[in-house]
Structures are given as structure tokens and as C-alpha cells.
Amino acid sequence: MANKGVIAPGHRRRTALLTRKVAFADPLRSHLRLSDDGTRIAWLQNEAGMLSVMVAEALDTASARRLTGGPVRPVSPALFWAADGRHVVVFRDSAGDENYQAFSIDVDTGAEVALTPDGGTRTLFNRTSRRIPSDILFSVNHRNRQSFDLVRANVTTGRRMTVFENPGFSRLHADAGLAVRFGERVRQDGSIEVLKRQGNGEWVPFLEIPAEDSLATHIDGLSADGEVVFLLDSRGRDRTALVAIDARTVVSTVLATDSEADIAEVVYDPDTGWPLAAAALAARRRWHPIDETFAADLARQLEDAAGLDLVIVGVSAGRRRMVIRLEASDAPAQLRVFDRGRRRTLQLFPERDDLEGMPLRPMLPVAIQSRDGLTLPAYVTLPAGRARRSPLVVVVHGGPYDRDAWGFSPLHQWLASRGYAVLSVNFRGSTGFGKAFTNAADREWGGRMQDDLDDGVAWAVKEGIADPDRVGLFGASYGGYAALMAAARSPDLYNCFIDICGPSDLLSFIARIPPYWHSWFAMILRRLADPATMEGRKWLQERSPLVHVEQMIRPMLIAQGLRDVRVSPAESRNVAHALLRRNVPVTLVTFPDEGHFLVGQRNRIALMAVAEQFLACHLGGSHELLGDDLQGSSLTVEIGGEWLRPLS
């Protein structure tokens, strides 16, 4: 193979088809939500980099107005309506530490009220109830950072009270009366026991979830009367089904299955709590109707979708109205409201206006065979005008127990516009393709999970898509770990690597897991190894990129948020300094105001500006001038930024 040195960057675009500021801007409108009564919609609107809450009548977007609660910076994509139809709830985290605080905003007066404590407390939404429209149930770890109690808050006054102190359940499920009915608890072997709470407060066994099903089986909903449990269930099968279980007899009925993928999304009737339809995400989203009276509405919307992926965002009481999101891979998502009574669909607006008319590239689903016989679902985006032998960027998703899916990807579009082919591989351990595929990743961090990525590169080269002498790997979180491991394991396969907040020392990573992950600790140890044993420590050290830094010889760009509560900044700095001592080209950029996820729009754009110059240096793709894309960000170049100046 040819020497993988620095490659002369491609020409600077005279006319940027997709600038970084466009590609990585927050969508103009996002997180559209329908009120419970179906009369109003609310969404987040991006205005000069700040997000504001907007509200309008459901069938009259001209009535849209900004709430006087002011701009909000939600780090959780969780804007939702209280059941009273008058208050919306948002979450804020100003410190980047993933400790979210919930606020309600009165859409009539603009009054804003804090619903949960601040000061290092993490809040998660649990449920609302039409029976008690003034109150919302939250999961809050204020009393014990390791366990989430259930706190009931009044959306108007902010008055709250703890209704259940959690003795160690990983999940709690309440009924429509906001009373706790079921709890899930992880055992030391990684299996899960589900307990039912009796009327006298006693907990009794309800069902068991073996360890091999723990990532694919959980309670997804309860009927309004609390007497039926809806379980996403992989027990006794490979692909997760939607199952209804009678809470008294534990008799189960299968409601929906898919031959290729797990059931991943369920739409529930807001009145009865029963499922209306379920979707599986194979290469594309595929719907399965459950309620016969809903099937006709679903069929009409699928027909109107005209080949786009249909997402049901929300259904109002009485199924009066439904919010629809239509997703494409080469166009912004479109938002609609279906009025069932009038039998008509109102086109609302696209999520983004700034992408209209741009020559975006389609994302193509492909299947790749791994060296040991697994089928790896993947997606490829090809640059315009270059059908063969393009420089390739492999984009690795985080998690790792997550997945890549078809749809609009700013990262894919930005890279393709610079002349790169882009490949995202659902390596073993990715979720949604059956439990055998997920479980194949047990103790394979840094092993066969890496092989799958390398096999994706081999496929792209064989298909004539990729130039074998111009391949880079780009990942965040677990994807960053994969970039570091690839640098040590496969330096002859890749030219360069971009690691964003990736763990380099698995012993440090496990020791640092946030306290609110404590109830899932046994499951983490099962998937990786137990540092309390000699064998486990040896395995974790062997699979830590930092131990193999001597094998890293290719250029590396590392980015790290200094408020990261999942991966210590020391893990990135240790790798960067070790490479620097060996004269391996390395650049370390840090963000003092960011955590594990880069939330600030200016920071995201600044990082991608640096990443673009880095890729242009080592893969030869096109690039924009740096311009002012670093201004207003907190990006700090700690190590190795000299190469930025010639490209700017």
C-alpha cells in the first residue's frame, strides 16, 4: 500500500454549496409537539444561535408567537406539553454536566416556573396524566445521586412532592393516576427482575428478563387502567416484539413483530393507553398497524408520504389530530398536522429553510458481510460527480448500544459536499437488529467490533467507492474510542483519525461512570469486564487505546469537553501528550464550557472547521476558508494547531 503521508488539500470552493454554518446550525424549527387536546402546537426555534419556544394554533401557523419565557438552551431533546394544554415543559443544563432541570412555561402568560431542583440534580421526564392535568411526574436523583425518586410537580405553582423514594430500581413505571405500579431492577449477573407493586405497597415478582435480553426488553407503556403492560420483548425470540401482558394473570399476547428488525417505536392511544401502531427500523422505517380503526389513517399517511419515512410525533385525545414528520435523506424533514374530523392534512413547515434548493446527496442503505459471517447494515453517501475511488470517511456512532439510521445527516452531507464518500456501519453491538447481533459485541470492545469497521472499509474499496490510500475514521464517544483503537490496530488501513470525547483508558472510564448509572453497573460489567477481578483488569487494560499508543503512527485530531462527566479530559490529554512525545502529528482542542456532548452551536461549527482542515490535509478533500468560524466559540488549541494557519 502506498505511503499514507500528508496529501495536498483539494481546491477551495469558490461557491460553497453547503457551508459549515449551514450544515451544523441548529434546525430552524425542531421538536414539534402537539397539545393533549390537539388545539395547539409548540416547537423550538433557532434564532441567531439561541433556541426559543414557539407556540401556535394547530391549524394556523400564522398565529405563531414567541413565548415570553425567553430563549432556552435545552440539552435534552425534550419539549413537551403538560396535560392541561396550557403549559409546555423544557429542560436546561447550563453547566454541561448533564444535570437537567425542568421548567414549565405558561403559553398564555409567559410565566416560567422551576419544577425540579437544581444544584447537581438530574431530572428525567416520567409521565403526564389526563386525569391529573395540572401535575407531571419526574424521575429525580436529588436525594440520592444513584437512584431516581419519583417527584410530582404542579406546572402552575411549581409545588412538588416526592411520591416514591426509590430503593434501587433502574426504572419505575406509574399508571394514569401517577401511582407507581412496576419497577425494574438489575441483578448482579446483568439480568433484570420486574416487580409489581401491590395495593398495600408490597412488591411481588412479575417477570424476569435474562441478561442476554437486557438491552432489548423493557416495559414501554401501561394501559390507562394499569392492568395491561406493554413490553418490548426479545425473550424467546431474536427480534424484539411488542407484547401485551395481563398484569393479573401474566398472560401475554404478541401485538407486532417484524421479520428484519426490532420493534422500536410504538404509538399509543392517549385515552386508553393501548398501542395503535408500531414501527421497526430496518434499512428504513416500516410500520405495523395494531388498532383496526387506526389502520386507515396510517395507510393514508403512508400513501401521502410518497417514499419518505413517516414518523408519528404525537396523537391528541380522541385521536382528533396527529402530528406527522416526513423524513428524507437529501432534504429537510417536513412537518404536517392531520385533522381526522375534517379528513385533511395541513402542511406546516420544513424543519429547515436554509437547505431548500441545495444539491444534497441521498443516503443509500447497504449490507456488508463481516469476516465471520455477520450481515452489517450500513449507509453510504457518495459525493457528486465522483462515482469511484473517492477519499472515504468512516463515521462511527456512539453508544455503542445505539445505531445509525436512514435520514438527513448533517455530517454525511457536509463530508459529501467536500468530495468524500461517507460510510456508517452498524457494527455488532448496534441495537435494533436482534439480540444476537447486539450480544455478539459482548467483550468485543477493541476486538471484533473494530473488525466490522475494517470490513466496511474493505467493502468500500472492493466496490470501487473508496480510494484505499485516502481513508479516515471519525467518531464521538464510543466512536472516539473506536478511532483510537483503529489508530493502534490498523494504521495501514487509515490515513488519519478524529476522536471526540472517546475513552482511552477503560479502567478509568468504568471508575468514572456517573452515579446515576449505578443501577446499570452489573450490565456494563457483563458487556465489558469486571475491574474487581485480576482477569477483568487485564482485559480492560488490553482493550484500552492508551496501552497501545506506541502503535499509533497516523495523524490524530482529538476534541474534548472539559466538563465531561463520562470521559475524563485526562484520557484525551494523556493520549495527545503520549503521541506528542513520539513526534506523531496530533492536535488536541478542548472546550471549557462543554461536556460529553457539544451543545453550543458556535462550538460545533468551530470543531467542524478544524476537522475540515484536518481532513483536507490528510485526505485531500475540498475545504472552506476558516473565516470567522472559530470566533465566538470556546475552542482552545492545547496541542498542535500549527497546520491550521496555512489552510486558513
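The model shown here is predicted. Its protein chain contains twelve helices and 36 strands. The radius of gyration is 25 Å, close to the 26 Å that the globule rule gives for 648 residues, so the chain is as compact as a globular protein of that length. Along the principal axes, the C-alpha atoms fill a box of roughly 70 × 60 × 45 Å. Of the 648 residues, 59% are buried. Among contacts between residues at least 6 apart in sequence, 57% join residues at least 24 apart.

The surface and the charges can be described next. The accessible surface comes to about 24,800 Å², and carbon and sulfur atoms account for 50% of it. The chain carries 76 positive and 79 negative charges, whose mean positions lie 2 Å apart.

Strands of a sheet pair through backbone hydrogen bonds, in either a parallel or an antiparallel manner. Both kinds of pairing can be illustrated here. An open sheet of four strands, in the order 5-6-7-8, shows antiparallel pairing. Its edge strands are strand 5 (80-81) and strand 8 (112-114), each of which pairs on one side only. Within this sheet, strand 7 (residues 101-106) is joined to strand 8 by three bridges, and Ile105 stands opposite Glu112 of strand 8.

The parallel case is provided by strand 34 (residues 556-561) and strand 35, which pair over six bridges. Here Met556 stands opposite Val586 in strand 35. Six of the six residues of strand 35 (residues 586-591) are buried, so this strand is largely enclosed by the rest of the structure. Val586, Leu588 and Thr590 point one way from strand 35, whereas Thr587, Val589 and Phe591 point the other way.

Some details of the backbone remain. Most residues other than glycine have a negative phi, and most peptide bonds are trans. Against this background, Gly399 and Pro400 are joined by a cis peptide bond, with omega about 0 degrees. Pro400 belongs to the loop between strand 30 (390-396) and helix 3 (410-417).

His31 lies in strand 1 (residues 29-34) and, with a relative accessibility of 26%, counts as partly exposed. Asn583 is found in the loop between helix 10 (569-581) and strand 35, and this residue is exposed, with a relative accessible area of 70%.

Key: Residues numbered from 1 in each chain as written. Predicted model: local features only at pLDDT ≥ 70, side-chain atom pairs only at ≥ 80, totals over all residues. Heavy atoms only, no water. Pairing = 2+ DSSP bridges. Helix = DSSP H or I, 4+ residues; strand = E, 2+ residues; numbered from the N terminus. Rg over C-alpha atoms; globule rule 2.2 N^0.38 Å. Buried < 20%, exposed > 50% of the residue type's maximum accessible area, 1.4 Å probe, protein only. Contact = heavy atoms within 4.5 Å. Areas by Shrake-Rupley, 256 points an atom, 1.4 Å probe, with all protein chains shown as cover. Lys, Arg positive; Asp, Glu negative; His and termini not counted. Charge placed at Lys NZ, Arg CZ, Asp CG, Glu CD.
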